[in-house]
Amino acid sequence: MGKIEWAMWANEQALASGLILLTGGIVGVAGQFRGWQFAAYAVAAGVFVCLLEYPRSKRSKGTSVERTGQYCFTVCVKAFGPLTRNYYVRAFLHAAICVPGGFMLSTVLGCVCLGIASLIYLVAAIRGEHWEPILPRKEVRKPVTESIKNPPQNPPPRPPAEMRRKRVDDLEGAAYDNPISVTDD
Amino acid sequence: MGNFAANEGLSIFVILVWLGINAFLFVHFYMAFLTERWFYTRVLLGQALSWARAPAAALNFNCMLILLPVCRNLLSFLRGSIQYCSRTAARQLDRNLTFHKLVAYMIAFHTAVHIIAHLFNFEYFMDAQLNRNSSLLPFVLSEIGTGDNASFLNPIRSNETNPTIVMFTTIAGLTGVAITLALILIITSSMEVIRRSYFEVFWYTHHLFVIFFIGLVFHGFGRIVRGQTAASLKTNKPDFCASRFEEWGNNGTNCTVPDFAGNPPGTWKWVVGPMILYVCERIVRLYRSHQKVVVTKVVMHPSKTLELQMKKKGFRMEVGQYVFIQCPSVSMLEWHPFTLTSAPEEDYFSAHIRIVGDWTQGLYEACVGDATQPQEAWKLPKIAIDGPFGTASEDVFRYEVVMLVGAGIGVTPFASILKSVWYKRIQNNQDVFTKKIYFYWLCPETQAFEWFADLLQSLENQMAEKEMTDFLSYNIYLTRWKDTEAAHFRVHHEAENDPITGLKQKTLYGKPNWDNEFTNIATKHPRSKVGVFLCGPPQLGKSLEKQSLSHSEADVKFIFNKENF
């Protein structure tokens with residue numbers, strides 16, 4: 001189990017807990033159960049947890065798979081900087097959020113599940129993991145390589161046209177030494 | 001369309017039957033709690049009683065089913081026997097994991113309905129105790145059985161408690177919480193992201209199913225859902241007596257105080273069979289794993305692929321099957337599946353294992369060890385094998401002309417098939433029905449080529465020796481390349497052997513033009529049935545399926561087999 005990133009599982013568990021908390025809260029409010037105020041809280045807490053946990057973190061090793069449409073959530077979560085980046089903060093946040101859920105039967109399940117997610121986040125934090133946003137990669141254009149130097153501005157040095165005309169009768173005599181050096185020395 | 005029905009018909013039928021049984025159980029048990037016996041219970045709970053009991057029945061059914069698709073050895077045995085009756089039926093058994101997941105989703109759904117209904121039930125029970133007014137029927141009903149604690153209706157016995165406390169102090173409540181937690185943990189760790197990347201978490205957490213089943217069996221032991229006893233129904237008829245509740249038990253009325261009792265627990269009857277089967281399955285796996293497996297050769301291929309050649313007494317395989325491999329020195333509890341790459345005609349069986357994670361890395365280190373010196377045979381680790389399982393792809397041999405398409409790592413089962421076809425053709429001198437194979441290998445990068453290219457090269461040589469070069473025609477497509485490599489390819493375009501693979505057949509770049517390929521094959525083989533087999537991504541499957549259908553004209557038929565691998 002050496003290479004597991006606990007935060008990935010904690011994230012799935014927390015998202016599921018958010019949904020369960022939300023569902024329990026809705027049932028509590030819709031059925032007008034005793035203690036429905038806790039249910040109303042659970043609805044708000046469930047929505048908050050879902051929003052926080054929806055954007056998946058970038059994996060430190062391997063390819064990261066985004067959830068559908070998570071980009072806007074990523075931007076929002078990223079805006080909170082170290083608060084959302086650090087998993088200790090998340091662990092304690094989830095532990096705190098889940099407590100009021102324990103006071104009412106319909107939200108108890110969400111409370112316990114979120115508590116478990118909080119524990120897994122704690123393990124992730126102890127192992128040094130942190131949340132990284134998955135952002136679309138910016139294309140980096142490679143700078144044009146240095147091999148293309150300044151192209152020559154002038155035509156190559158040549159003797160005048162009458163010397164250049166091919167003297168087919170005297171090919172040996174037509175050869176000449178270039179008066180101007182053609183190398184870069 | 002006929003192809004679709006042939007391929008998918010039985011699966012769809014099975015799913016429909018399963019959904020039908022679910023629906024039937026739901027409705028039947030919903031109605032069962034609308035009878036007279038439950039009249040007084042419904043006074044307290046209303047429709048929420050039926051809404052809780054109906055999914056409970058469906059849950060019994062689904063929990064019975066969920067263990068069956070994962071009894072691999074039982075399925076293999078069934079598959080072997082059914083094969084003689086119907087190949088299609090046998091192939092259904094290869095979709096066991098899909099069915100397991102479907103049943104799991106249904107369990108999650110019914111659990112949700114069941115829990116929500118019980119939330120209402122607890123609330124109503126509590127209401128009945130809190131409104132302590134003797135002119136209310138629910139309160140009168142709740143007071144029944146206060147003395148002897150046996151014939152009560154309302155499981156909440158006092159008003160000085162609350163539903164949460166009641167839940168944690170009843171058997172049903174405690175087991176319910178425990179098994180729901182187990183179910184949620186199992187589900188979150190089975191999400192594809194976790195399963196594919198952190199297999200150990202998935203596998204170990206999945207064993208919480210033991211807690212799930214134990215809790216499930218004991219869930220009904222508290223007999224918390226109570227209805228009127230048969231004897232009591234004779235002396236207190238609800239439709240007559242309900243409105244006269246203030247006079248129950250008084251002399252002269254025809255209504256005595258009703259008695260209530262709970263149903264005996266019934267879940268164990270549903271799940272005990274599959275639980276026993278599963279225990280047998282694990283015992284069989286344990287037994288098979290102790291059969292001695294000898295590693296005869298270990299080959300380390302350049303593309304981080306480890307080839308293990310092994311022998312085991314009494315091991316028989318078919319083409320395209322897979323085995324589970326366990327290496328106790330790496331991990332006692334992990335079994336990982338690998339496709340067999342050897343042919344049944346060889347005297348050993350082999351698997352090519354890519355080194356991608358913890359376990360494969362550990363296996364590599366155990367087998368190869370110090371790579372500078374040759375490893376002593378006795379130093380090789382002990383290996384356990386379970387299997388072989390899975391599709392026997394002999395269907396390949398039923399066609400005269402065959403198109404095999406493998407994408408990336410999907411080429412692995414074809415190693416087995418190609419070797420087997422070759423052996424059949426050459427060594428046994430039988431007239432193999434298959435006369436021509438067109439093989440397409442699509443790969444994004446060159447690195448994974450090596451071991452398979454070796455196989456193709458040796459086949460190429462052998463075919464040249466026997467002058468059968470037109471038996472196998474293979475096409476390798478590189479679908480991704482770097483600019484630096486492209487220059488190299490251009491320069492060596494004219495070379496006799498391919499610069500990547502060393503094969504005479506040149507590597508092609510990009511994706512194949514399937515239209516052209518199908519048309520060419522159709523023209524070369526008129527009046528024949530061409531089998532098309534794919535091991536690769538579903539999008540490729542869809543396009544191949546479309547091509548097969550569109551190119552199946554009067555005399556040439558392309559039959560697409562996509563679920564063989």
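This is a predicted model: local features need pLDDT of at least 70, side-chain atom pairs count only at pLDDT 80 or more; totals for chains, interfaces and linings use all residues.
**Exercise 1: The disulfide**

Work out how many disulfides there are over all chains and which residues form a disulfide with sulfur atoms 1.9 Å apart.

*Solution.* The count over all chains is one. The partners are B:Cys241 and B:Cys255, whose sulfur atoms lie 1.9 Å apart. For the handedness, take the torsion about their S-S bond: it is about -85°, so the disulfide is left-handed.

Then place the two ends. B:Cys241 is part of helix 14 (residues 238–241) of chain B, whereas B:Cys255 sits in the loop between helix 14 and strand 2 (260–262) of that chain, so the bond ties together parts that are 14 residues apart in sequence. Finally, check accessibility. B:Cys241 has a relative accessible area of 1% and is therefore buried; B:Cys255, at 3%, is buried as well.

**Exercise 2: The largest nonpolar core**

Find how many residues make up the largest nonpolar core, and say where the largest share of this core comes from.

*Solution.* This core has 37 residues, and those with the most contacts inside it are B:Tyr40, B:Leu44, B:Leu141 and B:Trp248. Now turn to the helices. At least two core residues each come from helix 6 (105–126) of chain A and, in chain B, from helix 2 (39–45), helix 6 (96–130), helix 7 (137–143), helix 8 (163–169) and helix 9 (171–189). Helix 6 of chain B gives the largest share, five residues.

Zoom in on B:Leu141. If you set aside neighbours within four places in sequence, B:Leu141 is in contact with B:Tyr40, B:Val43, B:Leu44, B:Leu153, B:Trp248 and B:Phe260. Another core, of 31 residues, lies apart from the largest one; B:Val319, B:Val402, B:Leu404 and B:Phe533 are among its residues.

**Exercise 3: Aromatic pairs**

Classify the ring pair of B:Trp18 and B:Phe99, and then that of B:Tyr440 and B:Tyr477.

*Solution.* Over all chains there are 25 aromatic pairs. For B:Trp18 and B:Phe99, the ring centres are 5.7 Å apart and the planes meet at 70°, so this pair is edge-to-face. The cut-off here is an angle over 60 degrees. B:Trp18 belongs to helix 1 (residues 2–32) of chain B and B:Phe99 to helix 6 of chain B, so the pair links parts 81 residues apart in sequence. B:Trp18 is buried, with a relative accessible area of 5%.

For B:Tyr440 and B:Tyr477, the centres are 6.5 Å apart and the planes are at 25°, so this pair is stacked. B:Tyr440 lies in strand 10 (residues 436–443) of chain B and B:Tyr477 in strand 11 (residues 472–478) of chain B, so the parts they tie together are 37 residues apart in sequence. B:Tyr440 counts as buried at 0% relative accessibility, and B:Tyr477 does at 6%. To finish, follow the ring pairs: they link B:Tyr440, B:Tyr477, B:Trp514, B:Phe518 and B:Phe558 into a cluster.

**Exercise 4: Around B:Ser151**

Locate B:Ser151 in chain B and list what it touches beyond four places in sequence.

*Solution.* B:Ser151 is in the loop between helix 7 and helix 8 of chain B. Its relative accessibility is 11%, so B:Ser151 counts as buried. Leaving out residues up to four places away, B:Ser151 touches B:Ile144, B:Gly145, B:Arg226, B:Asp259 and B:Phe260. For practice, compare B:Arg244, whose charged end sits over the ring of B:Phe240 at 4.1 Å from its centre.

Methods: Residues are numbered from 1 along each chain as its sequence is written. Chains are lettered from A and ligands numbered from 1 in the order in which they are written. Side-chain values use heavy atoms; hydrogens and water are left out. A nonpolar core is a set of buried Ala, Val, Leu, Ile, Met, Phe, Trp, Tyr and Cys residues joined through side-chain atoms within 4.5 Å. Buried means under 20% relative accessible area, exposed over 50%, partly exposed in between (1.4 Å probe, protein chains only). Helices (H or I, at least four residues) and strands (E, at least two) are DSSP runs, numbered from the N terminus. Contact means heavy atoms within 4.5 Å. A disulfide is a pair of cysteine sulfur atoms within 2.5 Å. Rings of Phe, Tyr and Trp (its six-membered ring) pair if their centres lie within 6.5 Å; planes under 30 degrees apart count as stacked, over 60 as edge-to-face and the rest as tilted. A charge sits over a ring if NZ of Lys or CZ of Arg is within 6 Å of the ring centre and within 35 degrees of the ring normal.
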